[in-house]
Every structure is written in structure tokens, then in C-alpha cells.
Amino acid sequence: MKRIVLLLSFIVCCVMSVFAKADVTLKSGSLSPLKTSKAKVYVVWDYSHATLEGKDVNAFLKEKGKEWERDYKSELEHAEANFVERFNDKTKSVTITDKKSEADYTIVIEVKDFHYGSTGASVLIGFGAGDAHMSGLMNFYEKNTKQPFAVIDVDGVAGAGFGNEKRRIETYRELAEQVVKLIKKVK
């Protein structure tokens, strides 16, 4: 009986992964300028219209308490640093720099919404239940231009782990990996 349940669970997971839509898709333009260049890229994180679990950021943090309010800024900084680290580890063609003046391109990441997920669901259910999810847009600009040459739709990039900060960090790392895969797939 256990074998049958395990086999059925495996089949369901396989079928779900086949029909799952991509978390990161090219909405417009082309990433080809980044594919073969040894370009340096500067990343800007835009949280100006972001929400947390569908609520205003400040209202959400206030509901959660003083620790959340105190730790939120450092959580973002840590996650953003991990995005850069993972991106630079996964690609040889493009490097993220922290100096805007030496960058050939700029990526503006507009975070629309972030859901922290649930540690309890992650532990009890597994299989991605309880993961954090992020949605937003990534706009790619060439130096000194106002119009993006590519736009990526970020829809539900997931991150797992025990603890809210860990799930955010893993979400940002997963985003970096998926963007690098898109750049590598460019023809």
C-alpha cells in the first residue's frame, strides 16, 4: 500500500511539473545583448509599489510586530546581496556590479508582491507547500536610455526554508538562477 501511495505521489508531482507555467518569462524584447557580452550590470530594486501578502508594507509589518518592523530593511539587504551573489556565480557573460558608473546595463526590479508562505505547511506537507512567492517585473535598460530593451514578468518565483528571512533569500536566489537561465537560452 505504501508503495502505491508513493508511486501515485511521484506521478502526480511529475504531471504537475510538466503543466506548471514558468515563474519567469520574457514579456517583451530580447535578452540577446547580454548573452555574448562581458557586460557589467547595475541592479536597482524598486519597492515603491510593493505589497506584502496583498497588504501595504507598513501596515503588514505593524500587524506582525516590532521585530518585523526592525528587521525588514536588513532582510531586504541580505536577500538582495544573495541575488547578486547567485547571479554572478551562475553566469560568465554578465556581471552585476555595485558601481552604477561602470555598468553597461541597468536592471530595475519592480517588486509587486511578496508572500512569506508558511513554515508549518512546509514542514507538514512538503512538496513546495508553504513556500514564499514573489511577483513583479524586471526591466532591462542599456546605459543612457529611457526605454527598456527587455521586460521579464516575474510571477510566483518560489523560495523555501525555515524562517521568513530564509524564504525571502531563497526566493531572490531562485529569481537570479531563473534569469540567468533565460539569458543562456537566448538564440
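Trp-45 is buried, with a relative accessible area of 14%, where buried means under 20% relative accessible area, exposed over 50% and partly exposed in between (1.4 Å probe, protein chains only). Phe-83 is also buried, at 0%. This is a predicted model, in which local features need pLDDT of at least 70 and side-chain atom pairs count only at pLDDT 80 or more, while totals for chains, interfaces and linings use all residues. Residues are numbered from 1 along each chain as its sequence is written, and side-chain values use heavy atoms, with hydrogens and water left out.

**Aromatic rings**

- The structure holds 10 aromatic pairs; rings of Phe, Tyr and Trp (its six-membered ring) pair if their centres lie within 6.5 Å, and planes under 30 degrees apart count as stacked, over 60 as edge-to-face and the rest as tilted.
- Trp-45 and Phe-83 form an edge-to-face pair, 5.2 Å centre to centre with 85° between the planes.
- This pair links distant parts of the chain, with Trp-45 in strand β2 (residues 39-46) and Phe-83 in helix α4 (residues 66-90), 38 residues apart. Helices (H or I, at least four residues) and strands (E, at least two) are DSSP runs, numbered from the N terminus.
- Ring pairs join Trp-45, Tyr-47, Phe-83, Phe-87 and Tyr-172 into a cluster.
- The charged end of Arg-168 sits over the ring of Phe-114, 3.9 Å from its centre, and that of Lys-64 sits over the ring of Trp-68, 5.3 Å from its centre. A charge sits over a ring if NZ of Lys or CZ of Arg is within 6 Å of the ring centre and within 35 degrees of the ring normal.

**Nonpolar core**

- The largest nonpolar core has 43 residues, and those with the most contacts inside it are Phe-83, Met-138, Phe-140 and Leu-175. Such a core is a set of buried Ala, Val, Leu, Ile, Met, Phe, Trp, Tyr and Cys residues joined through side-chain atoms within 4.5 Å.
- Elements giving two or more residues to this core include β2, α4, β7 (132-142) and α6 (164-185).
- The most comes from α6, with eight residues.
- Leu-175 touches Val-24, Trp-45, Phe-83, Met-134, Met-138, Val-154 and Val-157, not counting residues up to four places away in sequence; contact means heavy atoms within 4.5 Å.

**Helix α3**

- Val-57, Phe-60 and Leu-61 are buried in α3. Seen down the helix axis, the buried residues of α3 fall within an arc of 95°, so they line one face of the helix; the arc is that of the directions from the helix axis to the C-beta atoms.
- Asn-58, Lys-62 and Glu-63 are exposed on the other side of α3.
- The cover over the buried residues of α3 includes β3 (51-52), β4 (55-56) and α4.
- Gly-65 follows α3 and has a positive phi, near 120°.

**Chain end and loops**

- Val-186 lies in the segment after α6 and counts as buried, at 15% relative accessibility.
- Val-186 and Ser-32 are 154 residues apart in sequence and 5.8 Å apart in space, C-alpha to C-alpha.
- Most residues other than glycine have a negative phi.
- Glu-53 has a positive phi, near 55°; this residue is found in the loop between β3 and β4 and is partly exposed, at 28% relative accessibility.
- Asn-144 has a positive phi, near 65°; this residue lies in the loop between β7 and β8 and is exposed, at 76% relative accessibility.
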